[in-house]
Number of protein chains: 2
Amino acid sequence: MVMGIEVAVTIRLKPGVADPEGENTKKALNLLGFSNVRAVRTMKRFIIELEGGAHGDTSAIRAEVEEMCKKLLANPVIQDYEIAIEAETEAEPEKGVER
Amino acid sequence: MVMGIEVAVTIRLKPGVADPEGENTKKALNLLGFSNVRAVRTMKRFIIELEGGAHGDTSAIRAEVEEMCKKLLANPVIQDYEIAIEAETEAEPEKGVER
């Protein structure tokens, strides 16, 4: 039985940083007739599946994922990150396409 | 006083659809020494700010945002979307950079 843990990392632009993708999405929605769209902001989400369980201690996992954000996932100059430890999973021997 | 409502739309790949960005992120994390990363999945999030309040009835808003997903935000061939009505906001006359 292989335990795993899922961590969700949300990367968003810091307040005050321009979001051209969001602005263009807003414009496109307005042009499509959705005139009540006032603003659109975009963000990125990573679901990271880690080996091993938390064993009740999530602080080590949080610290590790924070390191991942600093080293790879986020650009600290313009982006903030948010880490949420989602669920402990039991890895199944085979994965079907469910849901 | 202008009311507004924030809707979060999460766009994710359907099960079984390849996620090369996630796979490459996993490889990069492994190379950086995070050897316990088993898988990474990526998704996109839009926060859409709409004019007007829900007035207790969110179904019309949900239907409208679903229309936005179908027409622009998601590719129904490979992507699923999830709509969450987040919060009613009161638009302030001026916006400072808080938080």
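Q: Which exposed residues sit on the face of helix 1 of chain B that is turned away from its buried side?
A: In this predicted model, that face of helix 1 of chain B carries the exposed residues B:Pro20, B:Lys27 and B:Leu31.

Q: And which residues of that helix are buried?
A: In helix 1 of chain B the buried residues include B:Gly22, B:Thr25 and B:Leu29. Looking down the axis of helix 1 of chain B, one finds its buried residues within an arc of 60 degrees, so they line one face of the helix.

Q: What do the buried residues of helix 1 of chain B pack against?
A: They pack against elements of both chains: strand 2 (37-51) and helix 2 (59-73) of chain A, together with strand 2 (37-51) of chain B.

Q: How far apart are the end C-alpha atoms of helix 1 of chain B?
A: They are 16 Å apart, which agrees with the 16 Å that the 12 residues of this helix (residues 20-31) should span at 1.5 Å a residue. Helix 1 of chain B is then followed by B:Gly33, a residue whose phi is positive, near 105 degrees.

Q: Switching to chain A, which residues of its helix 1 are buried?
A: A:Gly22, A:Thr25 and A:Leu29 are the buried residues of helix 1 of chain A. Seen down the axis of that helix, they fall within an arc of 60 degrees, so they line one face of it. The face turned away from the buried side carries the exposed residues A:Lys27 and A:Leu31.

Q: What do the buried residues of helix 1 of chain A pack against?
A: Their partners are strand 2 of chain A, along with strand 2 and helix 2 (59-73) of chain B.

Q: Stepping back, how many helices and strands are there in chain A?
A: Chain A has 2 helices and 3 strands, and along the sequence they follow the pattern β-α-β-α-β. Of the 99 residues in chain A, 33% are buried. Among the contacts in chain A with a separation of 6 or more, 75% are made by residues 24 or more positions apart.

Q: Which residues of helix 2 of chain A are buried?
A: They are A:Ile61, A:Val65, A:Met68, A:Cys69 and A:Leu73. These residues cover an arc of only 100 degrees around the axis, which puts them on the same side of helix 2 of chain A.

Q: Now the two chains together: what rotation superposes chain B on chain A?
A: A rotation of 180 degrees, with 0.0 Å of shift along its axis, superposes them with an RMSD of 0.0 Å. That is the relation of a two-fold axis. In chain B, the C-alpha nearest the axis belongs to B:Lys44, at 2.4 Å from it.

Q: What percentage of the interface residues of chain B are also interface residues in chain A?
A: The figure is 100%, so the copies meet through the same surface.

Q: In which sense do strand 2 of chain A and strand 2 of chain B pair?
A: They pair in the antiparallel sense, over 13 bridges, and within that arrangement A:Ile48 stands opposite B:Val40 in strand 2 of chain B. In strand 2 of chain A, 11 of the 15 residues are buried, so this strand is largely enclosed by the rest of the structure.

Q: What about charges: how many salt bridges are there over all chains?
A: The count comes to 10 salt bridges over all chains. One of them is formed by the side chains of A:Arg41 and B:Glu6, at 2.8 Å from N to O. A:Arg41 lies in strand 2 of chain A and B:Glu6 in strand 1 (residues 2-13) of chain B, so the pair joins two chains.

Q: Are those two residues buried or partly exposed?
A: A:Arg41 counts as partly exposed, at 37% relative accessibility, whereas B:Glu6 is buried, with a relative accessible area of 18%.

Q: Which residue forms a salt bridge with A:Glu49?
A: B:Arg38 does, with the closest N and O atoms 3.4 Å apart. B:Arg38 lies in strand 2 of chain B and A:Glu49 in strand 2 of chain A, so this pair joins two chains. A:Glu49 counts as buried, at 10% relative accessibility.

Terms used
Residues numbered from 1 in each chain as written. Chains lettered and ligands numbered in written order. Predicted model: local features only at pLDDT ≥ 70, side-chain atom pairs only at ≥ 80, totals over all residues. Heavy atoms only, no water. Least-squares fit on C-alpha atoms with pLDDT ≥ 70 in both. Contact = heavy atoms within 4.5 Å. Helix = DSSP H or I, 4+ residues; strand = E, 2+ residues; numbered from the N terminus. Expected span 1.5 Å × (residues − 1). Buried < 20%, exposed > 50% of the residue type's maximum accessible area, 1.4 Å probe, protein only. Arc of directions from axis to C-beta. Salt bridge = Lys/Arg side-chain N within 4 Å of Asp/Glu carboxyl O. Pairing = 2+ DSSP bridges.
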